[in-house]
Structures are given as structure tokens and as C-alpha cells.
Amino acid sequence: MTDAAYFRQRRQQAFAQAQVGQTYTYRRTFTDGDVSVFCGVTGDFNPFHQDDEFSREAPFGRRIVPGLLTGSMLTHIGGMQGFLAADMHFEFRRPVFIDDTVTCVVEVLEKDESRKRLLCAACMTNQGGEVVVQATFTGFPTFPRLQPDAPAGQA
């Protein structure tokens, strides 16, 4: 079997395994080190993320985690699925602060049989249960290595 044929087979199997209603959960606490590394890699040197003095006088009263760092929680779940994203949309609802613990729940909303793509939604909440980010994305899994939270319909 060629590499391309193997990839198509894996993609078809992964798509067949995906079920509407399946959820996946990932939780992490964002540290000062996470923010420093992310800002260094991306070049995002916004004072809202970097400058304690500036941030104390700003609307949030302290430094905030970059929105895309929080949004990148999708890449943990997606990476464990071998998910190749076609598009992503984020709505940043509330700030995430350094040392906040965020829980990301991804749900499979739709299966597009003709394109073999999934439509998924994500809701990220802080330790107080407040929604900080909502997202939708499409793409396809290729190599699932993460089990859903519970079988679809049994959550």
C-alpha cells in the first residue's frame, strides 16, 4: 500500500469513528512561563501580556494571557486526533489571567459526508465556570489517539 493510500484509509477510518455529540476535554493552568514562551515565539509583545506596570493601570488590572495561547488548547485535542483544520473561528469573551485554570471542551457537531469533514465547537471556561473563549472549527481527523469523554449520547 502506498503512503497516500494508507493516509486515505486512515482518514476514512477516523472519519467513520467520529460521532456527532462526542466530546473531548482538556484542562491546563496558564503560567507566566507559558506567556513568556508564547510571546517570544510569536513576537506578540503587547504590553497587556508583558508589562506589569502598564497592566495595573489598564482595564483588566493585571497582565492577561494572549487569546491565541488560550485558543491553542484546541491544538492539544486536535493533535491527539491527528486533526487537520480547514478553518477556525474564535470569540474571546473574557480575559484569562496568569495562573488561571482553563477547561476546554470540544464537541463534534456535524459530519459532512461529501467532504469528509467534521464541524466542531469548543467552549473554554475558567476555574470560576465563566466562558472565556468559544470557538468553531472544521477539518478532518486522520489518526485518533484520544478517546472521547463518553460515547455520543451517553454523556
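Colleague: Which residue in strand 5 is the bridge partner of Ala121?

Modeller: That's Thr136 in strand 5, paired with Ala121 by a bridge. Keep in mind that this is a predicted model.

Colleague: Noted. How many bridges join strand 4 to strand 5, and do the two run parallel or antiparallel?

Modeller: Eight bridges join them, and strand 4 and strand 5 (residues 131–140) run antiparallel.

Colleague: Remind me what holds paired strands together in general?

Modeller: Backbone hydrogen bonds: strands of a sheet pair through them, either parallel or antiparallel.

Colleague: Okay, staying with strand 4 for a moment. Is Ala122 buried or exposed?

Modeller: Ala122 sits in strand 4 (residues 117–125). Its relative accessibility is 5%, so Ala122 counts as buried, the limit being under 20%.

Colleague: And which residues does Ala122 touch?

Modeller: Leaving out residues up to four places away in sequence, Ala122 touches Leu74, Cys104, Val105, Val106, Val133, Gln134, Ala135 and Phe137. Take Val106: 16 residues separate it from Ala122 along the chain, yet their C-alpha atoms are 4.3 Å apart.

Colleague: Let's move to the helices. Which residues of helix 2 are buried?

Modeller: In helix 2 (residues 32–42) they are Val35, Phe38 and Cys39. Looking down the axis of helix 2, those buried residues fall within an arc of 95 degrees, so they line one face of the helix.

Colleague: Which residues are exposed on the other side of helix 2?

Modeller: Val37 and Val41 are exposed there.

Colleague: What do the buried residues of helix 2 pack against?

Modeller: Helix 3 (47–50) and helix 5 (67–71).

Colleague: What follows helix 2?

Modeller: Gly43 does, and its phi is positive, near 80 degrees.

Colleague: You mentioned helix 5. How about Thr70, is it buried or exposed?

Modeller: Thr70 lies in helix 5. At 1% relative accessibility, Thr70 counts as buried. Setting aside residues up to four places away in sequence, Thr70 touches Phe30, Val65, Val96, Val102, Met124 and Val133.

Colleague: New topic: how many salt bridges does the structure hold?

Modeller: Six. Among them is the one between Asp52 and Arg63, with the closest N and O atoms 2.9 Å apart. That pair links distant parts of the chain, eleven residues apart: Asp52 is in helix 4 (residues 52–57), and Arg63 is in the loop between helix 4 and helix 5.

Colleague: And are those two partners buried or exposed?

Modeller: Arg63 is buried, with a relative accessible area of 14%. Asp52 is at 44% relative accessibility, so it counts as partly exposed.

Colleague: Which residues are linked with Asp52 and Arg63 in a network of salt bridges?

Modeller: Asp32 is linked with them in that network.

Colleague: Which residue forms a salt bridge with Glu130?

Modeller: Arg94, with the closest N and O atoms at 3.1 Å. Here too the pair links distant parts of the chain, 36 residues apart: Glu130 is in the loop between strand 4 and strand 5, while Arg94 is in the loop between strand 2 and strand 3 (101–112). Glu130 counts as partly exposed at 33% relative accessibility, and Arg94 counts as partly exposed at 42%.

Colleague: What about Lys116, which residue does it form a salt bridge with?

Modeller: Glu113, and there the closest N and O atoms are 3.4 Å apart. Lys116 is partly exposed, with a relative accessible area of 32%, and Glu113 counts as partly exposed at 46% relative accessibility.

Colleague: Zooming out, how many helices and strands does the protein have?

Modeller: Six helices and five strands. Along the sequence the pattern reads α-β-α-α-α-α-α-β-β-β-β.

Colleague: What does the C-alpha trace span, and what percentage of the residues count as buried?

Modeller: Along the principal axes, the C-alpha trace spans about 60 × 35 × 20 Å. Of the 155 residues, 34% count as buried.

Colleague: Last one: what's the accessible surface?

Modeller: About 8,800 Å², of which 51% belongs to carbon and sulfur atoms.

Definitions and conventions
Residues are numbered from 1 along each chain as its sequence is written. This is a predicted model: local features need pLDDT of at least 70, side-chain atom pairs count only at pLDDT 80 or more; totals for chains, interfaces and linings use all residues. Side-chain values use heavy atoms; hydrogens and water are left out. Buried means under 20% relative accessible area, exposed over 50%, partly exposed in between (1.4 Å probe, protein chains only). Helices (H or I, at least four residues) and strands (E, at least two) are DSSP runs, numbered from the N terminus. The arc is that of the directions from the helix axis to the C-beta atoms. Contact means heavy atoms within 4.5 Å. Two strands pair if DSSP finds at least two bridges between them. Accessible areas come from the Shrake-Rupley method with a 1.4 Å probe; for residues, only the protein chains shown count as cover. A salt bridge is a side-chain nitrogen of Lys or Arg within 4 Å of a carboxyl oxygen of Asp or Glu.
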